[in-house]
Amino acid sequence: MNYLFKRKHTKYADLHIHTDRSDGLLSPEQIVAKADKAGLSTISITDHDMLDGIEPALAAGKRHNVEIIPGLEISAEHDNDEIHILGYFIDWQNQALNERLQIFRNARHERALKMMDKLKQLGVHIDHNDVFRITELDYVGRPHLAAAIVQNGYAETISDAFNKFLGNNAPAYIPKSAFSSSEAIKMILDSDGIPVWGHPGTLKHDVLKELISYGLMGIEAYYSYHSNQLTDYYCNLSRENNLLITGGSDFHGFENSRRALGEIKLPYEYVEELKEAVINAKFKMQDQA
Ligand code: AMP
Ligand code: ZN
Ligand code: FE
Ligand code: FE
């Protein structure tokens, strides 16, 4: 069954977008304006380990009449694999959540400095200031290092920089310290959010049952790199396990990419189901209180 055909709305959503508050190129305001032009009624800003893009997106959303769902993408570790957990409708002002993410971002900073040391040993000298926007932005990832490597002429393209230096099997790579998948899911639940397994197609073995036991509530079935077959597979898997279905492009600001804005147009029914889940979770909490 193709779940795209049960639509009654003509509204569409993209629930996976990065801004320049993590490793995207565009500001939250630019993203909202672009989403409006692309015919999206609803978007979620899901920066990596970072919530700073949400407030400006909410303000821009009011001006453009685009609905903004506060979101987040947490990099987590599951049995030595990297797994990304998305959180929707999180209380983005939750202090405990912000503090934990800050600790994680500090560890990212330390890791970046160590990777720069490794690069230096390989003869690649990149300047702290021109690489990172960390002094302003408080978030640094391998894409920032890659951009600096390219700017300084040590690689032709970002992907070349990953192949030569930064990729998981390349000489300057250092793994991130990460939350476990259960911690990531708990952090999202504790801040009133809906935890969703992001781009499940990147992980080769089955971890779903375990994630559900930690409190997972949804699967990102619609994703730029999923084939139609894979999307159907994850839609069915979600329904069999009583999970929500979400979807998004994972737009990072690059136009000529499969992850471009407008590539994924999630029918609005799925957003309504997400909203129902938020309301049900609130009632459940009140019952328990
Ligand atoms: P980090 O979280 O700092 O380890 O950086 C991971 C990010 O680097 C991912 O979200 C991708 O956007 C990017 N990335 C990983 N591998 C590659 C690659 N081979 N080419 C280009 N970008 C990559
Ligand atoms: Zn990213
Ligand atoms: Fe991801
Ligand atoms: Fe992402």
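Predicted model: local features only at pLDDT ≥ 70, side-chain atom pairs only at ≥ 80, totals over all residues.
## The zinc site

To count as tetrahedral, four donors would need all their angles to lie between 85 and 135 degrees.

Distant parts of the chain are linked here, since Asp23 sits in the loop between strand E1 (12-17) and helix H1 (28-37), while His252 sits in the loop between strand E8 (244-248) and strand E9 (266-267), 229 residues apart. Asp23 counts as buried because its relative accessibility is 11%, and His252 counts as buried because its relative accessibility is 8%; the cut-off for buried is under 20%.

## The iron site

The iron ion (ligand 4) is coordinated at 2.1 to 2.2 Å by His16 and His18, each through NE2, by Glu73 through OE and by Asp250 through OD. Around the iron ion (ligand 4), the 4 donor atoms subtend angles of 79 to 165 degrees, so this arrangement is irregular. In sequence, the donor residues of the iron ion (ligand 4) are spaced H-x1-H-x54-E-x176-D.

Here, too, distant parts of the chain are linked, with His18 in the loop between E1 and H1 and Glu73 in strand E3 (residues 67-78), 55 residues apart. Both His18 and Glu73 are buried. As for how the two metal ions are placed, the iron ion (ligand 4) and the zinc ion (ligand 2) are 4.8 Å apart.

## Two packed helices

Two packed helices are described by the angle between their axes and the distance between the axes. Helix H6 (residues 142-151) and helix H7 (residues 158-166) pack at an angle of about 105 degrees, and their axes are 9 Å apart. Because of that angle, H6 is roughly perpendicular to H7, a description that covers angles of 65 to 115 degrees.

On the H6 side, the residues that meet H7 are Arg142, Pro143, Leu145, Ala146, Ala147, Ile149 and Val150, and on the H7 side they meet Ile158, Ala161, Phe162, Phe165 and Leu166. The residues of this contact divide into 11 nonpolar, no polar and 1 charged.

Thr46 has its place in the loop between strand E2 (42-45) and helix H2 (54-64). With a relative accessible area of 0%, Thr46 is buried. Leaving aside residues up to four places away in sequence, Thr46 touches Leu15, His16, Ile17, His18, Gly71, Leu72, Glu73, Leu86 and Tyr88; His16, His18 and Glu73 are also among the residues that coordinate the iron ion (ligand 4).

Ser191 is found in the loop between helix H8 (181-190) and strand E6 (194-197), and with a relative accessible area of 1% this residue is buried. Beyond residues up to four places away in sequence, Ser191 touches Ile90, Asp91, Asn94 and Leu97. Lys176 lies in the loop between H7 and strand E5 (179-180), and, with residues up to four places away in sequence not counted, Lys176 touches Ser75, Glu82, Phe104, Arg108 and Arg111. Lys176 and Glu77 are 99 residues apart in sequence, yet their C-alpha atoms are 9.3 Å apart in space.

Definitions and conventions
Residues numbered from 1 in each chain as written. Chains lettered and ligands numbered in written order. Heavy atoms only, no water. Helix = DSSP H or I, 4+ residues; strand = E, 2+ residues; numbered from the N terminus. Buried < 20%, exposed > 50% of the residue type's maximum accessible area, 1.4 Å probe, protein only. Axes fitted to C-alpha atoms, helices over the stretch in contact; angles between N-to-C directions. Parallel < 35°, antiparallel > 145°, perpendicular 65-115°, else oblique. Contact = heavy atoms within 4.5 Å. Nonpolar A, V, L, I, M, F, W, Y, C, P; charged D, E, K, R; others polar. Donors = N, O, S within 2.8 Å, 3.2 Å for Na, K, Ca; no water. Tetrahedral: all angles 85-135°; square planar, octahedral: opposite > 155°, others 65-115°.
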